[in-house]
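Hello,

Here is the structure I promised to pass on. Please have a look at it first; my notes follow below.

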Amino acid sequence: MEIHTSKGILTEEMINSPKYCCILAYFLLSDRRPKPAGQVWRDIWPDENAEHSGTNMRSLFLRFKDVFGFVCDHRLIISSKKGYMLNPDLNIMTDVELFDSYIEKAKQELTVQAKIEMLKKALEIYKDNLFPTGGSEHWILSDEMKYKYKCLAIYNDLMKAYFETCNYVRVEHYAEEAL
């Protein structure tokens, strides 16, 4: 996990906390609506007591503010009356959103070659795991599978497109990659 800003890059190693990384991945991969502290706590750590989740979340976010402060002057996660959320004033684009945008652009392309280029861009950023250090977390497994299926669909679309252009070498290449 990396966060790129105009002030620098914040890496997972710099964050140096599995809990921060889980919370951060949770907010980056979920919808952008506010979520109550108890819901976030139960979604991420269902086996832990959520009784003091509000206090625990406030404490985590205050400490995370210091870590994120190295690369941004604003808070990444803010609180509102409805709960916690990513700061809507920040322009945040995840690689998952970029991946999805390439797929959508490929669907809209008029030429086979333009479609191929968009699909190849999507594959370039696909990393097989959404959150490698937290990939076994229960809350991310359905998203992991969804993106694995999307990736297989891209391979399928690429093979069809190359088949249409009689480029059988590329069909074979993407068939091998998909396997």
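**Helix packing and cavities**

In this predicted model, helix H2 packs against helix H3 (residues 37–44) at an angle of about 110°, and their axes lie 11 Å apart. H2 is therefore roughly perpendicular to H3, since angles of 65 to 115 degrees count as such.

Which residues make the contact? From H2 come Lys19, Cys22, Ile23, Tyr26 and Phe27. H3 brings Gln39, Val40, Trp41, Asp43 and Ile44. By class, seven residues of this contact are nonpolar, one is polar and two are charged.

Now the cavities. How many are there of 30 Å³ or more? The count is two.

The largest cavity holds about 60 Å³ of space. Its lining consists of Phe61, Leu62, Phe64, Lys65, Phe68, Arg75, Leu76 and Ile77. Helix H4 (residues 53–68) gives the most to this lining, with five residues. Six of the lining residues are nonpolar, none is polar and two are charged.

The second largest cavity has a volume of about 40 Å³. Tyr20, Ile23, Leu24, Leu60, Phe61, Phe64 and Ile77 line the second largest cavity. Helices H2 (18–29) and H4 are the elements that each give two or more residues here. What classes does this lining hold? Seven residues are nonpolar, with no polar and no charged ones.

Best wishes

Definitions and conventions:
Residues numbered from 1 in each chain as written. Predicted model: local features only at pLDDT ≥ 70, side-chain atom pairs only at ≥ 80, totals over all residues. Heavy atoms only, no water. 1 Å grid on protein atoms, 1.4 Å probe; cavity = no way out; pocket = protein on both sides within 12 Å on 5 of 7 lines; lining within 4 Å. Points joined across faces, edges and corners; volume = space filled by probe spheres on them. Helix = DSSP H or I, 4+ residues; strand = E, 2+ residues; numbered from the N terminus. Nonpolar A, V, L, I, M, F, W, Y, C, P; charged D, E, K, R; others polar. Axes fitted to C-alpha atoms, helices over the stretch in contact; angles between N-to-C directions. Parallel < 35°, antiparallel > 145°, perpendicular 65-115°, else oblique. Contact = heavy atoms within 4.5 Å.
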